[in-house]
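Please look at the structure before reading on.

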Protein chains: 2
Amino acid sequence: MPPAPVARGKILRAFAELLTDSGERAATLDAVAARAGVSKGGLLYHFPSKDALAEGLAAHLRELTEADVAVMRAAPAGPVDYLLRTSTATDGDFEVVYLAVSRLAQGAYPHARAALDDAHDAWVEAVAEEVGDPTVARAVVLLSDGLYARTALGAGGPRVTDDDIDALVDLVGVLAAARRG
Amino acid sequence: MPPAPVARGKILRAFAELLTDSGERAATLDAVAARAGVSKGGLLYHFPSKDALAEGLAAHLRELTEADVAVMRAAPAGPVDYLLRTSTATDGDFEVVYLAVSRLAQGAYPHARAALDDAHDAWVEAVAEEVGDPTVARAVVLLSDGLYARTALGAGGPRVTDDDIDALVDLVGVLAAARRG
DNA sequence: GTCTATACCCAGATAGAC
DNA sequence: GTCTATCTGGGTATAGAC
C-alpha cells in the first residue's frame, strides 16, 4: 500500500485516544475529527463510514503487533519482562491502539476481536519459548490482560508501580523454575 | 430500603445483560426497556435518567459484592479456587453485573470505577489470607481480571476451559509454597 | 406504577463547492 | 483532499393520560 496520507494516521490516533480515554460512547465522528484537526467531511473521505474507521484501527493494530512482537522477542530482559512492563504503559502507540481495539471488541466489531486474538496468540508463543511451559505462558499473558484492564481504568484507584512489575516478573521466574525442577 | 419493586430488578438485569453482551453503545434506554419488558416511560419512572440507571447498577454491584465475598471466604476449596473459577462464568448474577459495570467504568461513570475498585480490594484481602503473601494475592486478582477480560470477549477465540483453571489453581499453589518455603 | 405521545438534540452519512 | 451545509434516524428526556 503506497504512501498513506498523514491525515489518515492522525485520524486513527485520535480515534484510538478517544476510545481508551473516554470509551466507545465518546468516540463519535465529530469528536474524532475535532481531535485530529480535520472536518467531519475530511474524516469521511479517508474512512467512508464508522465501520470502516473501526476496521482501519483493527488493521493498524495488526501492523503494530507484528513490529511489537519482534521487539519483544529481541528484548534484553526477555519477553516476559517486556510484556508485563508494557502492559501498564498508557502512552506508546501500541498500548493506546491495543486498548482502543479492546473497547471496540466489546461492541459490534468482529474484526476487532480477531485482531486481539491474534496478538494474544503471538504473545503466548513468544513467552512460551522463554518459560518453556505452555501453562505458565498462558498465565503470564492473562496477567498482562489483567494489567491492561487495570491500567485502562485510569487514575482512579491505586496505580500499578514499577516495583509491582518487578515483583511479578520475579514470581514468574520462581514459577518457571519450580515447573522445570 | 423497603421492598424494591420487581420491575426495578428486571430493568437492572436487562441493562447489565445488554452491556456485557453488546457493549455500552447498544445499551440504550429503548433496548433496556424492551428487554426488561417495560416501556421507556416505565423505565424512567424507576430511574429518572441514564446516569441514575448507571448509578443504580453500580450500587447493585456493591450489594452483590458483599454477598459474593462472604461466599468466597467460606468456599470449601478456598478463595483462590473460587475466584478463578467464577472469573470465567458468563451466567451468574454477580459475573454479569461485574462485567457490565466494567463497561460503564470505561465511560463517563466514576461511580462504576469506585465500585469496581472496592470489589478488587475485597478480593485481594480475602486471597491474601489464604496464600499468606500480598504479592501473590495481587497476582491472583490480576489473573482473575485477565480471565474476566477474555471471558467478556465471548465466543470468538479459544474459550478458557475448566482444565485451564485447574492448572492455574495448581500454579498458584506452587507459587505460594515456593514463597513460604 | 406504567403507559403513549412528543419535543429536542446529536450521531452518522450524503452532496457538492473549493 | 478537505471543506460546509444539510438530511435522517435514533437516543434522552418531558408531559400527561390511565
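Chain B is superposed on chain A by a rotation of 180° with 0.0 Å of shift along its axis, at an RMSD of 0.0 Å (least squares on the C-alpha atoms of residues with pLDDT of at least 70 in both copies). The two copies are thus related as by a two-fold rotation axis. In chain B, the C-alpha nearest the axis belongs to B:Gly146, 2.0 Å from it. Since 100% of the interface residues of chain B are also interface residues in chain A, the copies meet through the same surface (contact means heavy atoms within 4.5 Å).

This is a predicted model, in which local features need pLDDT of at least 70 and side-chain atom pairs count only at pLDDT 80 or more, while totals for chains, interfaces and linings use all residues. Residues are numbered from 1 along each chain as its sequence is written, chains are lettered from A and ligands numbered from 1 in the order in which they are written, and side-chain values use heavy atoms, without hydrogens and water.

Around DNA strand D there are 15 residues, of which A:Ser39, A:Tyr45, A:His46, B:Leu29 and B:Lys40 come nearest (near means that a heavy atom of the residue lies within 4 Å). Sugar and phosphate make up 61% of the atoms of DNA strand D that come within 4 Å of the protein. The largest share of this surface, four residues, comes from α3(A).

| Side chain | Atom of DNA strand D | Distance |
|---|---|---|
| A:Arg25 | phosphate oxygen | 3.1 Å |
| A:His46 | phosphate oxygen | 2.3 Å |
| B:Lys40 | base oxygen | 3.5 Å |

Key: Polar contact = N/O pair within 3.5 Å; in protein donor to acceptor, adjacent residues only side chain to side chain. Helix = DSSP H or I, 4+ residues; strand = E, 2+ residues; numbered from the N terminus.
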